[in-house]
There are 2 protein chains.
Amino acid sequence: MSGKPQKLGVIAGNGALPGLVVEAAQKQGYDVCVFGISDAYDLSLEIDHKIYPQRLGQTLRTIKKNKCKEVVIVGGVTRPNLFRFIPDFGTMKFVARVALEAKKNGIGDDTVLSILVSIFEENGITIRATKDIIEDIMAPAGVLTKSKPSNKNDIDIKRGRIVTDTIGDLDIGQCCVVCRGQVLAVEGPEGTDEMLKRVAQLSQAMRGSVTKREGVLVKLPKTNQDRRIDMPTLGLTTIENASLAGLAGIAFAGEETQLIDADACIKLADELGMFLKGLKP
Amino acid sequence: MSGKPQKLGVIAGNGALPGLVVEAAQKQGYDVCVFGISDAYDLSLEIDHKIYPQRLGQTLRTIKKNKCKEVVIVGGVTRPNLFRFIPDFGTMKFVARVALEAKKNGIGDDTVLSILVSIFEENGITIRATKDIIEDIMAPAGVLTKSKPSNKNDIDIKRGRIVTDTIGDLDIGQCCVVCRGQVLAVEGPEGTDEMLKRVAQLSQAMRGSVTKREGVLVKLPKTNQDRRIDMPTLGLTTIENASLAGLAGIAFAGEETQLIDADACIKLADELGMFLKGLKP
């Protein structure tokens, strides 16, 4: 009854997560085919095919030729300029749909990604979530660290949830930093780490410091985010950057946030005297 | 009937605007007394007294001693760390009220400023708006430049208004940048110019350029902003920074935005091929 191993395509954006998915899938016995997104995937990752965001038709054909009926799209991708592409036929359909949506409502990443997912599905390719492959990647609800949020931190978390939900509804970003009730930064397309670096550059009078931590990073999935291909993700780098911004800790959506290398993250946060708290819905 | 000239206190934060207010007030025959906010006011400004944000009681006494029943608070101030002050008695009351409000709702600049205004008023000091002194400082509604917003720019402006209104309601900031429907940045306490510099650092694929302008800066007063002491302000520097970020133009609230040196601003925008558009409510 062993038969041929099941095929799984991994479409790899940047960061370490694609490599972890490949490893976990292979351990589970999948026959993995890795598609590296040009200009994005980590060069230490061994790929089978390079794919180009502006060549969606070609990408779909490559995936089909490799008989991957299931794919995981994992890792970050800087949103390419959809309107400057020289699109192939597959991409043209995609661009046309995005442009139509943009005319109505303006576009954010969610719109682009949800159209992309439908195009995959219309081509008979199922999108699998990272957590289906790496089963312990989701951080639970509750405080994971020795350090716990103080009352002041809880007030900041409360305000940060309101702000993050609102900017999520508007498809702007998925996190913000609040310190003593004041919103110090809202994430845009620059991403969480660049946002945290910005906070670190603000006047010390407005924020905490490594020796006297104040303020929180609150990171939550956006309302219309496709949870299969775009989950909030935390890892060592974000904890380091939050530390340099003088923050007391990080609050995230419990059960809805990928914590890469959880043990190392918790150990680092403990060493830095920071908290990691998974929020309940 | 000439009598003694009326006294006017000018509390000066940073930038060129305080100097313009002093000049305009003197032309109108006011006896002007200038209070420079320590670490903020422009050193080229001749001041009568230096005042310290952490010494509000002393500041109120100085203003009263100088018999200024009316003051203009003008120019930018980086919000000091209210919780690290060694406050004098006047400031203690202020800090206590801010802390109380922070416990309930968290604080932003609006809360701090509105409490500050009430404390001045309780001390018999009337706050006058900059526009009462410099009468032609408010930019009108309508397009002021040769360049007009394209249909694409209008879509970005529409989305930018929704985003700016929302972040204004949350007391986060008063402007954002939208390009091809995507929100590229939301203003926090770093201010408009730093936000624009951030946009200029984003990948060219996401934004316009000096040679092919795309995207808009939308700047609107926050919902609860005290229009007497905290009006959205535009000047040459912001136009220059918007240009470097590759933007097509700037949309602002007509009749509710201070345009410093309007003629020079319009001339510069025309030279750069950018639009300035005052929005109707």
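1. Two strands pair if DSSP finds at least two bridges between them. Helices (H or I, at least four residues) and strands (E, at least two) are DSSP runs, numbered from the N terminus. In chain B, B:Cys179 stands opposite B:Gln182, which lies in β8(B).

2. Some ground rules. This is a predicted model, in which local features need pLDDT of at least 70 and side-chain atom pairs count only at pLDDT 80 or more, while totals for chains, interfaces and linings use all residues. Residues are numbered from 1 along each chain as its sequence is written, chains are lettered from A and ligands numbered from 1 in the order in which they are written, and side-chain values use heavy atoms, with hydrogens and water left out.

3. Stay with chain B. Strand β7(B) covers residues 175–179, and five of its five residues are buried (buried means under 20% relative accessible area, exposed over 50%, partly exposed in between, with a 1.4 Å probe and protein chains only). In a regular strand the side chains alternate between the two faces of the sheet. Here B:Cys175, B:Val177 and B:Cys179 point one way, and B:Cys176 and B:Val178 point the other way.

4. Which strands pair with β7(B)? One is β9(B), residues 216–219, which runs antiparallel to β7(B) and is joined to it by four bridges. In that pairing B:Cys175 stands opposite B:Lys219. Another is β8(B), residues 182–186, also antiparallel and also with four bridges. β7(B) and β8(B) form a hairpin with two residues between them. In the turn, B:Arg180 has a positive phi of about 50 degrees.

5. Now look at chain A. Strand β7(A), residues 175–179, is mostly covered, with five of its five residues buried. A:Cys175, A:Val177 and A:Cys179 lie on one side. A:Cys176 and A:Val178 lie on the other. Four antiparallel bridges link β7(A) with β9(A), residues 216–219. There, A:Val177 has A:Leu217 as its bridge partner.

6. β7(A) also runs antiparallel to β8(A), residues 182–186, with four bridges joining them. A:Cys179 stands opposite A:Gln182 of β8(A). These two strands form a hairpin with two residues between them, and A:Arg180 in the turn has a positive phi of about 50 degrees.

7. Next, a helix pair in chain A. Two packed helices are described by the angle between their axes and the distance between the axes. Helix α8(A) is residues 236–244 and helix α9(A) is residues 262–272; their axes come within 9 Å and cross at roughly 15 degrees. Axes are lines fitted to C-alpha atoms, for helices over the stretch in contact, and angles run from 0 to 180 degrees between N-to-C directions. The two helices are therefore roughly parallel (angles under 35 degrees count as roughly parallel, over 145 as roughly antiparallel, 65 to 115 as roughly perpendicular and the rest as oblique).

8. What does α8(A) bring to the contact with α9(A)? A:Leu236, A:Ile239, A:Glu240 and A:Ser243. From α9(A) come A:Ala264, A:Cys265, A:Leu268, A:Ala269 and A:Leu272. Contact means heavy atoms within 4.5 Å.

9. Is A:Thr59 buried or exposed? Its relative accessibility is 4%, so A:Thr59 counts as buried. A:Thr59 is found in helix α2(A), residues 56–65. Leaving aside neighbours within four places in sequence, A:Thr59 is in contact with A:Ile51 and A:Tyr52.

10. Last, helix α1(B), residues 17–27. Its buried residues include B:Leu17, B:Pro18 and B:Val21. Among the elements covering the buried residues of α1(B) are β1, β2 and α5 of chain B. Just after α1(B), B:Gly29 takes a positive phi of about 90 degrees.
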